[in-house]
Amino acid sequence: MLTVRGLVAGYGRVPAISDIDLDVGAGELVAIIGSNGAGKSTLLRTISGLISATAGSVRFDDVEITNRRPDRIVAAGLVHCPEGRHVFQGLSVRDNLRVAGGATRSQQHEDEVFTLFPVLGERLSQLAGSLSGGEQQMLAIGRTLMASPKLVMLDEPSLGLAPLLVEQVLKVAARIRDTGRTVLLVEQNAELALDVADRAYVLERGRITNSGAANELAGSRAIREAYLGG
Amino acid sequence: MAELGQYLGNGLTLGCIYALMAIGLTLVFGYMNVVNFAHGEFYMVGAYLAFTITDILGLSFVLGLLAAIVGAIVLGVLVDIGILRKLRQYDDIAMPILATIGLSILLQNLAILIWNPVPKTAGSPVSGSSIDLLVMRTTPQNIFIVVAAAVSVLLAFLFMTRTRAGLKMRATFQDPMASWLMGVNVRRIYAMTFAFGAAMAAIGGVLISTVFQMTPTMGAVATAKSFVVVILGGLGSFPGAILGGLLLGLVESFGAGYLSADYEDAFGLLVLLVVLLLRPRGLFGAPKAVQE
């Protein structure tokens, strides 16, 4: 479904990511793990069109989408839930969901979002900025689903959440996959990410250094020492 | 007592025009980071377009107003796509300043070429002698301006709060990156915002020209006054633009009436100084304060 080949991108002269090859099949939950500053967010931002790639290609559903305008990539069904939540703080929960939802299809998506996150349904008129951190993360994911994605990219959804919520949010990623969508999950918490993912890639200093089935990676000694605390 | 009523009427009229001017400027300045020195030229172009339709071609006032609005929207979109969009990538506030100063000179001189520099008078669609309204003593022309301005502001407010396009604008003002990722074409929203502000200014120009003469350079003072209102009301604040505009209009009118007409412009600046001393972000200040 998503095919990345030889992707290079960055902010200045030095590329933050290089030679990235990555495949995500339909219905998979694929995780990208790696330490802070490895280039995980840069990779997602390049795929979603926020930063331009200097080389390589991104194909989605057999269509070339490299360096397309971000809203066109969303329209194609590839939607990126950014790191740090970025909900529209001054807008109500309802308006946050409406920004992403199309004019006609929103009812069905709203039902889906409220089933996943009942608390959002109770807070519709509340300003997003007044929600707790966990609720804001739910809103950020819910908003992403309103854009009717075939593939959801979740960037560090567990960042800054209490340990109990971290586990919950990652289970949400699995539930989204179970409803027939494809998920690309970027996560610093490698243990939990490998727990929910089907496959995973390891990103180090802007390059992919390892990949494979999630349970195999979780069993590998190198991964355990580097990311899982031995 | 009679004077009080008159000053109130004049101040309110002037204040409505200032509010119309400031709405666009405050959004474009506050959220697009464009200090638009050509803002007053949209006001001037609006006045002249309406004058051409109404007084030269002899068509109705409503058609003149519509022509001004459509003309300003087209010009606004062209300016954003042709100039501002190309400068946005540099993220340098000085570039749009220079570009819009150049644009204002260009538009002023084009207006001189097309309509010549002799001041023009446009008719008001209403006429009649002074009337007393509560404590106010005012003219039908002034009442028409206040009502038309109020309707325009109300429609603008409904557009911002009740339409999908307005929702996308508000989302983009808060977080352009997240808006891109939620499928909003942020570039189009910026062009729309700029054109929206231009149209509001053009309405102001059409309305003011029903009571004052128009000249090709009338935009310069209007730009300066609009900046005063924007700072007074708070950068990026829609209600701030409206209340700031009314406040400036009333202060100028009362100051000119009771103290000295020579210092009319100074009173507004004096109020601005006082407000900035007490509330440095303006009456309704602090956009973007909620960003993480």
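In chain A, strands β1 (residues 2–9) and β4 (residues 53–60) run antiparallel and are joined by six bridges; strands are DSSP runs of E of at least two residues, helices runs of H or I of at least four, both numbered from the N terminus. A:Val4 lies opposite A:Val58 of β4(A). The model is predicted: local features need pLDDT of at least 70 and side-chain atom pairs pLDDT 80 or more, whereas totals for chains, interfaces and linings use all residues. Residues are numbered from 1 along each chain as its sequence is written, and chains are lettered from A and ligands numbered from 1 in the order in which they are written.

The open sheet of chain A has four strands in the order β2-β1-β4-β5, with antiparallel pairing (strands pair if DSSP finds at least two bridges between them). β2 (17–24) and β5 (63–64) of chain A are at the edges with a single partner strand each, so one side of each has no neighbour in the sheet.

In chain B, the axes of helices α1 (residues 2–32) and α8 (residues 186–208) come within 8 Å and cross at roughly 160° (axes are lines fitted to C-alpha atoms, for helices over the stretch in contact; angles run from 0 to 180 degrees between N-to-C directions). α1(B) and α8(B) are therefore roughly antiparallel, the term for angles over 145 degrees.

Between the chains, 17 residues of chain B are in contact with 22 residues of chain A (C-beta atoms, placed from the backbone, within 7 Å). α6(B) gives the largest share of the chain B side, six residues.

Key
Angles under 35 degrees count as roughly parallel, over 145 as roughly antiparallel, 65 to 115 as roughly perpendicular and the rest as oblique. Two residues are in contact if their C-beta atoms, placed from the backbone, lie within 7 Å.
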